[in-house]
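Reader: Hi, I have a structure to get through today. Can we talk it over in short steps?

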Amino acid sequence: MNKIIAIDGPSGAGKSTIARELSARLGYEYLDTGAFYRAVALKLKQSGIGQNASDQQIGDVLRDTRFEFTDGELLLDTVSVSTAIRTPEIGMLASVFSARKVVRDSLISVIRTCVQDKDVVAEGRDTTTVVFPQAWLKLYITASTDVRVRRRFKQLRDYQIETDLHEATDDIIKRDQRDSERELAPLAKAQDAVVIDTSDMDIEEVLQGILRIVADR
């Protein structure tokens, strides 16, 4: 039976970096569930679909959308969008559209199909509670707001996206609020998830801690 390690947590906590490295060390597939929602936001924006669009309008666009995800590379209608989906605007739109049932119903089946018969490390914001509630191991990775802002700022710069600390702070605070207060699948810690606060830990310390948990199981 395939094993799924599901990782949730707020933006800037280090989920993506940890998930990528953990998957490499374990020889598992890496799956960024949030990238799918960002890709949907990008597609809807490109299609002229606004935040107040009807479910039918959104559904019509999604029915004509093709997703492919391999080794961390996301293709939207055969075009790589791994960088294009990382802007603050797309992040905000992804948080808004991910609260729509029509979007979630469409993507959950797509995401689950991607991991059939594979060992994966999947990360997102409702990975442990909604997408993979029966995951073999659940982790909730968090960090202080200040630390997450600095990490988000660096991440945007690494993607060569112009920003400043004020914008990064505003982005983190607003996304935290939207993700935790949305009615449908809000960001939350699964009851059986192991909590890891990375505020005062480097990547290697976090990874060694998780690898010990994996070994114990």
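Reader: Which helix gives the most to the lining of the largest pocket?

Author: Helix 7 does, with six residues. Helices here are DSSP runs of H or I with at least four residues, strands are runs of E with at least two, and both are numbered from the N terminus. This is a predicted model, where local features need pLDDT of at least 70, side-chain atom pairs count only at pLDDT 80 or more, and totals for chains, interfaces and linings use all residues. Residues are numbered from 1 along each chain as its sequence is written, and side-chain values use heavy atoms, with hydrogens and water left out.

Reader: Which elements each supply at least two residues of that lining?

Author: Helix 1, helix 2 (33–46), helix 4, strand 6, helix 7 (145–158), helix 8 (165–181) and helix 9 (203–216) each supply at least two.

Reader: What counts as a pocket?

Author: Take a 1 Å grid over the protein atoms alone. A pocket is an open set of points with protein on both sides within 12 Å along at least five of seven lines, while a cavity is a set where a 1.4 Å probe fits but cannot get out. Lining residues have an atom within 4 Å of a point.

Reader: How much space lies in the largest pocket?

Author: About 780 Å³. That volume is the space filled by probe spheres set on the grid points, which are joined across faces, edges and corners.

Reader: Which lining residues are closest to its centre?

Author: G12, G14, K15, S16 and Q155, out of 40 lining residues.

Reader: How does the lining divide into nonpolar, polar and charged?

Author: Nine are nonpolar, 13 polar and 18 charged. Ala, Val, Leu, Ile, Met, Phe, Trp, Tyr, Cys and Pro count as nonpolar; Asp, Glu, Lys and Arg as charged; the others, Gly among them, as polar.

Reader: New topic. How many salt bridges does the structure hold?

Author: It holds 13. A salt bridge is a side-chain nitrogen of Lys or Arg within 4 Å of a carboxyl oxygen of Asp or Glu.

Reader: Give me one. What does R100 meet?

Author: The side chain of R100 meets that of D55 in a salt bridge, 2.7 Å from N to O. R100 is in the loop between helix 4 (88–97) and helix 5 (101–114), and D55 is in helix 3 (residues 55–63), so the pair ties together parts 45 residues apart in sequence.

Reader: Is D55 buried, exposed or in between? What is the cut-off?

Author: D55 is partly exposed, at 42% relative accessibility. Buried means under 20% relative accessible area, exposed over 50%, and partly exposed in between (1.4 Å probe, protein chains only).

Reader: Which residue pairs with K101?

Author: D105, with the closest N and O atoms 2.6 Å apart. Both lie in helix 5, four residues apart, about one turn of the helix. K101 is exposed at 53%, and D105 is partly exposed at 44%.

Reader: And what does D126 pair with?

Author: D126 forms a salt bridge with R104, at 2.3 Å between the closest N and O atoms. D126 sits in the loop between strand 6 (120–124) and helix 6 (127–131) and R104 in helix 5, so this pair ties together parts 22 residues apart in sequence. D126 is buried at 2% relative accessibility, and R104 is buried at 4%.

Reader: Switching to helix 4. Is it mostly covered or mostly open?

Author: Helix 4 is mostly covered, with seven of its 10 residues buried. They are P88, I90, G91, L93, A94, S95 and F97.

Reader: What covers them?

Author: The cover includes helix 2, helix 3, helix 5, helix 7 and helix 8.

Reader: Where is S98, and what does it touch?

Author: S98 is in the loop between helix 4 and helix 5. It is buried, at 4% relative accessibility. Leaving out residues up to four places away in sequence, S98 touches Y37, R104 and R182. Contact means heavy atoms within 4.5 Å.

Reader: Last one. Where is Q134, and is it buried or exposed?

Author: Q134 lies in the loop between helix 6 and strand 7 (137–142). Q134 is exposed, at 73% relative accessibility.
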